[in-house]
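Please read it with the structure open.

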Amino acid sequence: MEEMKIKNLYNLNETIAADLFEGLTYPWEALPRISAFIKELGAKLPKDEYDEVSENVWIAKSAKVAPTANVNGPAIIGRDAEVRHCAFIRGNAIVGEGAVVGNSTELKNVVLFNKVQVPHYNYVGDSILGYKSHMGAGSITSNVKSDKTLVVVKSSEENIETGLKKFGAMLGDEVEVGCNSVLNPGTVIGRHTNIYPTSMVRGFIPANSIYKKQGEVAGKR
């Protein structure tokens, strides 16, 4: 489906990880590549701008990382990013320039484009968040189905087999997710879409939409 392709969800000029998506069609195809990509990219980062603070953990000198944050590798924390009190980065994480990882937020196998905000009690796993996307307080990605079967991305036009057991959410550029929402495995949200607070979301949500509840999605005027 055309709207779910990388080129229609993301501005690749707004991430240090643009090469991660080379040769791919859909963004979730990049998930198994993240770990190796970080290790390769990290070794090439300019030493005058990034410190390798521990094995396979590179943090920009201009980034702010709270002393209580736990950052495990492989990981890259970009320029002017902020990682706040008690954030837990489990590994395989790229935090973009100017992004915010907040209090008690957990990241695992993710790419956060520049200026993404996951600032309050979020869990983001096996997911890719586009430029300036924002997850409200308490909103999370659910990345494994309860029956542990492989994730299928579903839309009104077609179902796409991903071959992945772990797949959280793909958020296009400037997506707004309301507080305490759950993005179920295989969720793909198009650019500039708003998700109402306390929503339970699954499947594909078109760009420039307002998601009110399952089956009630309005186009923005």
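Buried means under 20% relative accessible area, exposed means over 50%, and partly exposed lies in between (1.4 Å probe, protein chains only). At 49% relative accessibility, Lys148 counts as partly exposed. This is a predicted model: local features need pLDDT of at least 70, side-chain atom pairs count only at pLDDT 80 or more, and totals for chains, interfaces and linings use all residues. Residues are numbered from 1 along each chain as its sequence is written, and side-chain values use heavy atoms, with hydrogens and water left out.

**Backbone geometry**

Lys148 is not a glycine, yet its phi is positive, at about 65°. Lys148 sits in the loop between strand 14 (140-141) and strand 15 (152-154). Helices (H or I, at least four residues) and strands (E, at least two) are DSSP runs, numbered from the N terminus.

Asn109 also has a positive phi, near 55°, and is a residue other than glycine. Asn109 belongs to strand 10. Asn109 is buried, with a relative accessible area of 9%. Contact means heavy atoms within 4.5 Å. Not counting residues up to four places away in sequence, Asn109 touches Leu31, Ile34, Gly91, Asn92, Gly125, Asp126 and Ser127.

A cis peptide bond joins Gly73 and Pro74, with omega about -5°. Pro74 lies in the loop between strand 4 (70-71) and strand 5 (75-77).

How many residues of strand 12 (residues 123-129) are buried? The count is 7 of the 7, so strand 12 is largely enclosed by the rest of the structure. Two strands pair if DSSP finds at least two bridges between them. Strand 12 pairs with strand 10 (residues 106-112) in the parallel sense, over 6 bridges. Within this pairing, Lys108 stands opposite Gly125 of strand 12. Strand 12 also runs parallel to strand 17 (residues 169-171), joined by 2 bridges. There, Leu129 has Leu171 of strand 17 as its bridge partner.

**Aromatic rings**

A pair of aromatic rings is described by the distance of the centres and the angle of the planes. Rings of Phe, Tyr and Trp (its six-membered ring) pair if their centres lie within 6.5 Å; planes under 30 degrees apart count as stacked, over 60 as edge-to-face and the rest as tilted. By this rule there are 5 aromatic pairs. In one of them, the rings of Tyr10 and Phe113 have centres 5.0 Å apart and planes at 25°, so the pair is stacked. This pair links distant parts of the chain, 103 residues apart. Tyr10 is in the loop between helix 1 (6-9) and helix 2 (34-42), and Phe113 is in the loop between strand 10 and strand 11 (117-120). Tyr10 is buried, at 3% relative accessible area. Phe113 is buried too, at 0%. Ring pairs join Tyr10, Phe21 and Phe113 into a cluster.

**Cavity and pocket**

On a 1 Å grid over the protein atoms alone, a cavity is a set of points where a 1.4 Å probe fits but cannot get out, and a pocket is an open set with protein on both sides within 12 Å along at least five of seven lines; lining residues have an atom within 4 Å of a point. Grid points are joined across faces, edges and corners, and a volume is the space filled by probe spheres set on the points. The count comes to 1 cavity of 30 Å³ or more. For the lining classes, Ala, Val, Leu, Ile, Met, Phe, Trp, Tyr, Cys and Pro count as nonpolar, Asp, Glu, Lys and Arg as charged, and the others, Gly among them, as polar.

| Space | Volume | Lining residues by class |
|---|---|---|
| Largest cavity | about 30 Å³ | 4 nonpolar, 3 polar, 1 charged |
| Largest pocket | about 190 Å³ | 3 nonpolar, 4 polar, 3 charged |

The lining of the largest cavity consists of Ile16, Tyr50, Ile76, Gly78, Val95, Gly96, Glu97 and Asn114. Around the largest pocket are Lys145, Val151, Val152, Lys154, Asn184, Pro185, Gly186, Thr187, Arg202 and Gly203.

**Gly190**

Gly190 lies in the loop between strand 20 (187-189) and strand 21 (194-195). Gly190 is buried, with a relative accessible area of 2%. Leaving aside neighbours within four places in sequence, Gly190 is in contact with Leu9, Gly172, Val175, Phe204, Ile205, Pro206 and Ala207. From C-alpha to C-alpha, Gly190 and Val95 are 21 Å apart in space, and they are 95 residues apart in sequence.
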